[in-house]
Amino acid sequence: MANIAETVTALIKDTVEAQGVSLWDVRFVKEGADWFLRIFIDKEDGVSIDDCVNVSHAIDPIIDEADPIDRSYCMEVSSPGLERELTKPEHFVKMQGREIKVKLYKALDGSKEIKGTLVSFDANLVIKTEDGEKEIEKSAVAKVYLFEEI
């Protein structure tokens, strides 16, 4: 279903940005018997409900006309949230120097979860923890989230 997300991204990116927000991510996922097209938008000073409504109204006719999805689904437009998942190279570039939480497939130093400051994300993920810098192979990483203590 990644192809649907990529197709929708290409269709709506310019229209989303014309609404004064950036397109963070697009996901097409099945939950139970239902399919969801999730559009995540972002803005420096935070995403409002009005931003979500405006983007939804702007992209709905574009998606309807192109008709890239061959089944029924529910479209949701929202902020990626405070603990947003970092999935694309541009996410990692934007979040360098910020606190992240890394979930691993296998334990490293006795833990499958590491928190620290994102230093770099090139060939490997490098984070600064209380114990020093850790370099983690991308293949070992299950998920990465922005992590901010409140």
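This is a predicted model: local features need pLDDT of at least 70, side-chain atom pairs count only at pLDDT 80 or more; totals for chains, interfaces and linings use all residues.
Valine 29 counts as partly exposed because its relative accessibility is 26%; here buried means under 20% relative accessible area, exposed means over 50%, and partly exposed is in between, all with a 1.4 Å probe and protein chains only. You can find valine 29 in strand 1. Strands, like helices, are DSSP runs numbered from the N terminus: a strand (E) has at least two residues, and a helix (H or I) at least four. Who surrounds this residue? Leaving aside its neighbours within four places in sequence, valine 29 is in contact with Asp34, Trp35, Phe36 and Arg38, where contact means heavy atoms within 4.5 Å.

Residues are numbered from 1 along each chain as its sequence is written, and side-chain values use heavy atoms, with hydrogens and water left out.

Now step back to the whole protein. It has three helices and eight strands, and from the N terminus on they follow the order α-β-β-α-β-α-β-β-β-β-β. The C-alpha trace spans about 50 × 35 × 25 Å along its principal axes. Of the 150 residues, 35% are buried. Among contacts between residues at least 6 apart in sequence, 51% join residues at least 24 apart. The accessible surface comes to about 9000 Å², and carbon and sulfur atoms account for 47% of it; such areas come from the Shrake-Rupley method with a 1.4 Å probe, and for residues only the protein chains shown count as cover.

Let us return to strand 1 and its sheet. This is an open sheet of three strands in the order 1-2-3, with mixed pairing; two strands pair if DSSP finds at least two bridges between them. Which strands stand at the edges? They are strand 1 (22-31) and strand 3 (74-78), and each has a single partner strand, so one side of each is left without a neighbour in the sheet. From one strand to the next, the twist averages 15°. Strand 2 (residues 34-42) and strand 3 run parallel and are joined by five bridges, and phenylalanine 40 stands opposite serine 78 in strand 3. Helix 2 (residues 49-66) packs on this sheet, where it touches strand 2 and strand 3, and its direction makes about 140° with that of strand 3. Such angles run from 0 to 180 degrees between N-to-C directions, with axes taken as lines fitted to C-alpha atoms, for helices over the stretch in contact.

Between helix 2 and strand 3 there is a loop that holds aspartate 67. The phi of aspartate 67 is near 50°, a positive value in a residue other than glycine. That deserves a second look, because most residues other than glycine have a negative phi. Is aspartate 67 buried or exposed? Its relative accessibility is 55%, so aspartate 67 counts as exposed.

Strand 4 (residues 99-108) and strand 5 (residues 111-121) run antiparallel, with six bridges joining them. Across this pair, isoleucine 100 stands opposite glycine 116 in strand 5. The two strands form a hairpin with two residues between them, and here aspartate 109 takes a positive phi near 55°. Aspartate 109 is also exposed, with a relative accessible area of 62%.

Strand 5 has another antiparallel partner: four bridges join it to strand 6 (residues 124-129). These two are connected by a hairpin through two residues, and leucine 118 stands opposite isoleucine 127 in strand 6. Strand 5 also contains serine 120. Why does serine 120 count as buried? Its relative accessibility is 17%, so serine 120 falls in that class. Leaving aside neighbours within four places in sequence, serine 120 is in contact with Gln96, Leu125 and Val126.
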